[in-house]
Each structure stands twice: as structure tokens, then as C-alpha cells.
Amino acid sequence: MRILVTNDDGIYSPGIAALAKVATQFGEVRVVAPDVEQSSMGHAITATRPLSYKKSPIKFEGIDAYRVNGTPADCVALGTHLWTKTDLVLSGINLGLNLGNSMWHSGTLAAAKQAALLGMRGIAFSTPVGKEEPDFDKLAPFVEESLRLLIDMKDLCLVNVNLPQEPAGIRWTRQSVRMYDGKIVPGMDPMGRKHYWFTVTPLEPAEEGTDRWAVENGFVSITPLRLDLTNEEELKKTQQNQSYANT
Ligand code: MN
């Protein structure tokens, strides 16, 4: 099996080295990742300038690694074009959780989505980051266990995995959807000019069974996702309203 590993923190992040190492247990691995951090870039693609693809001198213990001056989605599109017959795309391990509403902004998940858009399977991995770096040696067995579970489930084309710092087990979850307070906080730069920080504060506690609930309770959260955003209930309602449907 050919496994392409990417991320949104950039090729020099310790998270991608940890993920690539685990991936080697499951097949042939190649790393194709952004040359600089692309966190919160979502599913952006670079369509107005060319991309470069350079062999990275950074050692991934015998794994070929390439850096791209583009987004995570670019890395997947370009990486799988230049390495045909890729079976699986892994993204992460992101330094920062990608739960609930974060999925809309995440570059880590976007790489997995890009794989699904191209007809491959994509799995995103994320873990919280506090004052200290995550202990990837401690997380590795849980990444491995998650992959062992997911690799055989071929119907799961797109999966979001979030690992707490010290996992106590694995839970299947759904995305927590709740409003967040996307606050803009003003500040001042050293030159006295005004600038702004975009900050996100969750507004409601996590519901049981959701991704956020699982991670808050010490479990690895595995959420199966789909590309279709259609609101089925509302679609049914509007279709049942004949007078509306016939106009
Ligand atoms: Mn990131």
C-alpha cells in the first residue's frame, strides 16, 4: 500500500515525523508537505502561480520527503500526481486539536478531504498542544491502533482523528456542532500600529458522543466524515412543499 503523508504545520514539524514513522508499518511511505506552516488555511488551493516540489534534506528514516511551496491541499494534489497509485493520505499529526467547528478551518483535515475528492482515502490526525510539545512516543501506539482499525474499513473515505495527550482508549464520535464566539481582539504592534487577533472561544459544553466530549474525557476520537454537505432534512421539506418545488 502506498501512503502519502502530509500536514499543515509544515515539513519541519515533529508531528509529521511521528506520523510518517507509524505509517511505515502499513506500507510504502512518502512525505509531501508544505515548506512553511499552513495552519487554518482550510482547503485553499494555489491556482494563480506555479508550485515547486523539492526533495527535503530532512531525514525521515529512509522515507522520501518533498516540500512544496503551497497549501496542504496542493501537497496532496501534487504529491499524488507525482506518485501515482497512492492508496491512502494521512495528514498530521497536527499540533492543535481539530474538533467540531475547527474542521471548517483546518488545513490538516483539508489535506484528507483533498484525498477524498481525488477518489482516495484520507485520514487526519490532531493532538492538543499546550506549554510543552506533545509526547509523540506516547501517542504513537494509539495512532497505530487507529490506523489498524481504519485501514480495513474501506468504506470510510474521510476520517478525522483527535488524540488527547494521554489516551485511555478509542471512541467513535460525531462532529460537535455549536456556535463559537469568533472574537476579534485588538492590540498594538511595537511601532504603535493597531493590529487584530482572531480568537475562537467555544460557547457551549460538549454533548456526549461528540468529538469534543471524547477528547475532554481522555479518549481518542474517531469521526467518520463525508464530503456531501447537503442538509437532507431541509431538502426533504422543501421537496415535499409542492407549490414551492413547482415554481
Ligand atoms: Mn496546524
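The model is a predicted one: local features are reported at pLDDT of at least 70 and side-chain atom pairs at pLDDT 80 or more, while totals for chains, interfaces and linings use all residues. Residues are numbered from 1 along each chain as its sequence is written, and side-chain values use heavy atoms, with hydrogens and water left out.

Let me begin with the overall picture. The protein has seven helices and eleven strands; these are DSSP runs, with H or I of at least four residues for helices and E of at least two for strands, numbered from the N terminus. The radius of gyration is 19 Å, close to the 18 Å that the globule rule gives for 247 residues, so the protein is as compact as a globular protein of that length. That radius is taken over C-alpha atoms, and the globule rule is 2.2 Å times the number of residues to the power 0.38. The C-alpha trace spans about 60 × 55 × 45 Å along its principal axes.

Of the 247 residues, 45% are buried. Here, buried means under 20% relative accessible area, exposed means over 50%, and partly exposed lies in between, with a 1.4 Å probe and protein chains only. If we take contacts (heavy atoms within 4.5 Å) between residues at least 6 apart in sequence, 74% of them join residues at least 24 apart.

I turn now to helix H1, residues 14-23. Seven of its ten residues are buried, and the helix is mostly covered. Among those buried are Gly15, Ile16, Leu19 and Val22. Against which elements do the buried residues of H1 pack? They pack against E1, E2, strand E5 (88-95), strand E6 (121-127) and helix H4 (136-151).

The loop between H1 and E2 contains Phe26. Phe26 is buried, at a relative accessible area of 16%. Leaving aside residues up to four places away in sequence, Phe26 touches Met1, Ile3, Glu144, Leu147, Arg148 and Ile151. Its C-alpha atom is separated by 18 Å from that of Gly15, eleven residues apart along the chain.

Next, the strands. Strand E7 (residues 158-162) is mostly covered, with five of its five residues buried. Leu158, Asn160 and Asn162 point one way from E7, whereas Val159 and Val161 point the other way. E7 pairs with E6 in the parallel sense over five bridges; strands count as paired if DSSP finds at least two bridges between them. Within this pairing, Ser126 stands opposite Asn162 in E7.

A second pairing is antiparallel: nine bridges join strand E9 (residues 180-188) to strand E10 (residues 194-202). Ile184 stands opposite Phe198 in E10. The hairpin of E9 and E10 has five residues between the strands, and Gly192 there takes a positive phi near 85°.

Now to charged side chains. How many salt bridges does the structure hold? It holds six, where a salt bridge is a side-chain nitrogen of Lys or Arg within 4 Å of a carboxyl oxygen of Asp or Glu. One of them joins Arg2 and Glu28, whose closest N and O atoms are 3.7 Å apart. Because Arg2 lies in strand E1 (residues 2-6) and Glu28 in strand E2 (residues 28-34), this pair ties together parts that are 26 residues apart in sequence. Arg2 is partly exposed at 24% relative accessibility, and Glu28 is partly exposed at 45%.

Another salt bridge links Asp64 and Lys55, at 3.1 Å from N to O. Asp64 is partly exposed, at 33% relative accessible area. In a further one, Asp189 meets Arg193 at 2.8 Å, N to O. Asp189 is buried at 17%, while Arg193 is partly exposed at 49%.

I close with the aromatic rings. There is one aromatic pair. Rings of Phe, Tyr and Trp (its six-membered ring) pair if their centres lie within 6.5 Å; planes under 30 degrees apart count as stacked, over 60 as edge-to-face and the rest as tilted. The rings of Tyr53 and Tyr66 have their centres 4.4 Å apart and their planes at 10°, so this pair is stacked. Since Tyr53 lies in strand E3 (residues 53-55) and Tyr66 in strand E4 (residues 64-68), the pair ties together parts that are 13 residues apart in sequence. Tyr53 is partly exposed at 24% relative accessible area, whereas Tyr66 is buried at 12%.
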